[in-house]
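Please read the following account with the model open beside it.

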Amino acid sequence: MLHTPINFVAFNTNAPILRILVRILKRGASWECIGVSEIEKLQTTLQNTPTDVLVIGVGGKEPYLSELEAYCANNDIHIIHHYGGGSGLLFNSIQAYLDQKEQTR
Amino acid sequence: MKQVLHPAGQRGAANHGWLNSHHSFSFANYYNPQKMNFGMLRVLNDDTVAPGMGFGKHPHDNMEIISIPLSGDLEHEDSMGNKAIIKEGEIQAMSAGTGIFHSEYNASKTNEVKFLQIWIFPREKDVTPRYDQILLPDLSKANTLHQVLSPNPDDAGIWVHQDTWFNMGTFDQGKSQSYDVQKAQNGVYAFVIDGSFEIEGQTLGKRDAIGLWETDKIDFKSLEAGSRLLLIDVPMNFN
């Protein structure tokens with residue numbers, strides 16, 4: 001998993017937690033991650049950054065969320081709704097994403 | 001009624017020396033796509049922490065986190081200024097909501113602490129974080145299920161932001177009882193803490209579990225003296 005190239009964008013309005021998430025999401029040898037803390041800027045970031053996975057944590061509010069989901073669906077970006085804050089569930093979610101990607105290949 | 005059996009020996013296991021953990025569901029380095037959750041129940045970790053050791057400061061958000069010490073004492077500290085010791089016979093709940101940092105250490109320098117850590121997906125995201133701990137009713141009173149957690153602040157036990165109810169009890173050999181599921185569309189995850197039970201036709205030993213859904217009642221029977229059971233009644237769907 002850690003050797004599969006993945007471009008992440010992580011969104012969380014809790015700045016200390018976002019910093020930790022970005023650090024975790026750079027752990028893979030070929031993982032890149034950009035952190036965004038303002039949902040209004042998220043779609044612009046996605047438009048300007050090659051993204052495989054959007055990790056959404058605290059602050060994922062409407063109507064932005066629905067717009068983002070539509071944008072991601074149209075641009076082959078997988079969304080992980082991340083609960084729990086840290087790494088306990090995150091690697092599970094990434095593994096599930098990779099499994100799904102493998103099955104659809 | 002539908003059911004899924006989770007034998008104790010088929011749980012994920014991680015022994016880090018200071019921490020010996022068994023995961024009922026996928027967690028950290030343990031990944032089993034067949035064991036991601038039981039409805040809103042996402043994590044049930046059966047942890048043993050060495051004396052003086054523990055989990056350093058780390059974050060959580062958007063999760064209802066419940067700790068139940070089975071033996072020994074846990075020392076809790078969090079970013080809301082709470083500092084407390086949680087003992088056997090107590091229960092702790094954190095609504096992580098918009099974010100909380102906390103640490104949990106074995107308060108003893110000589111004895112292990114054993115506890116269950118349970119994560120429930122919240123009913124609503126981004127709530128104000130909160131921390132609570134309470135003394136449980138006398139669970140040694142045999143042959144009675146005690147409600148130790150609910151969604152209602154005014155009800156028995158501690159409360160969380162989800163339509164979930166936890167019941168615990170210790171039973172004499174041969175005692176039978178029924179449990180009424182609290183809400184339509186909820187299921188029940190029955191976890192044997194000690195001893196053995198027959199639950200809906202299945203024999204379960206220590207740390208075995210069975211998930212049951214599409215039913216409004218669960219029947220169980222204790223197969224040996226001092227058998228302890230935890231029933232986790234949770235919504236089966238995200239709504």
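This is a predicted model: local features need pLDDT of at least 70, side-chain atom pairs count only at pLDDT 80 or more; totals for chains, interfaces and linings use all residues.

Residues are numbered from 1 along each chain as its sequence is written, chains are lettered from A and ligands numbered from 1 in the order in which they are written, and side-chain values use heavy atoms, with hydrogens and water left out.

At the interface, 22 residues of chain A are in contact with 24 residues of chain B, contact meaning heavy atoms within 4.5 Å. The area buried between chain A and chain B is about 1,700 Å², and carbon and sulfur atoms give 60% of this area; buried area is the accessible area (1.4 Å probe) that two parts lose on being put together, summed over both. Within the share that chain A buries against chain B, A:Y83, A:L89 and A:N92 supply 36%, more than any other three residues. Between the two chains the count of salt bridges is zero, where a salt bridge is a side-chain nitrogen of Lys or Arg within 4 Å of a carboxyl oxygen of Asp or Glu. The rule does, however, find 13 residue pairs in polar contact across the interface of chain A and chain B, both residues being at pLDDT 80 or more (a pair of N or O atoms within 3.5 Å; within protein, one must be able to donate a hydrogen and the other to accept it, and residues adjacent in sequence count only if both atoms are side-chain atoms). On the side of chain A that touches chain B, helix 1 and helix 4 of chain A each supply at least two residues, and helix 4 gives the most, with five residues.

Which residues lie closest to the centre of the largest pocket? This pocket has a volume of about 770 Å³, and of the 33 residues that line the largest pocket, A:S87, A:G88, B:F27, B:A28 and B:F55 are the closest to its centre. A pocket is an open set of points on a 1 Å grid over the protein atoms alone where a 1.4 Å probe fits, with protein on both sides within 12 Å along at least five of seven lines, and lining residues have an atom within 4 Å of a point. Strand 5 of chain B gives the largest share of the lining of the largest pocket, six residues.

The second largest pocket has a volume of about 360 Å³, and the closest to its centre of its 16 lining residues are A:H81, A:S93, B:M36, B:R42 and B:F121. Helix 4 (90-104) of chain A, together with strand 4 (78-81) of chain A, supplies at least two residues of this lining, and helix 4 of chain A gives the largest share, five residues.

Over all chains the structure holds 12 salt bridges. In one of them the side chains of B:K2 and B:E214 meet at 3.5 Å, N to O. B:K2 lies in strand 1 (residues 2-6) of chain B and B:E214 in the loop between strand 20 (209-213) and strand 21 (217-222) of chain B, so the pair ties together parts that are 212 residues apart in sequence.

Two backbone features remain. The peptide bond from A:E62 to A:P63 is cis, with omega near 5°, and A:P63 is placed in the loop between strand 3 (53-56) and helix 3 (64-74) of chain A. In chain B, the residue B:N62 has phi near 45°, a positive value in a residue other than glycine, and B:N62 is found in the loop between strand 5 and strand 6 (64-71) of chain B. Helices (H or I, at least four residues) and strands (E, at least two) are DSSP runs, numbered from the N terminus.

Conventions: Grid points are joined across faces, edges and corners, and a volume is the space filled by probe spheres set on the points.
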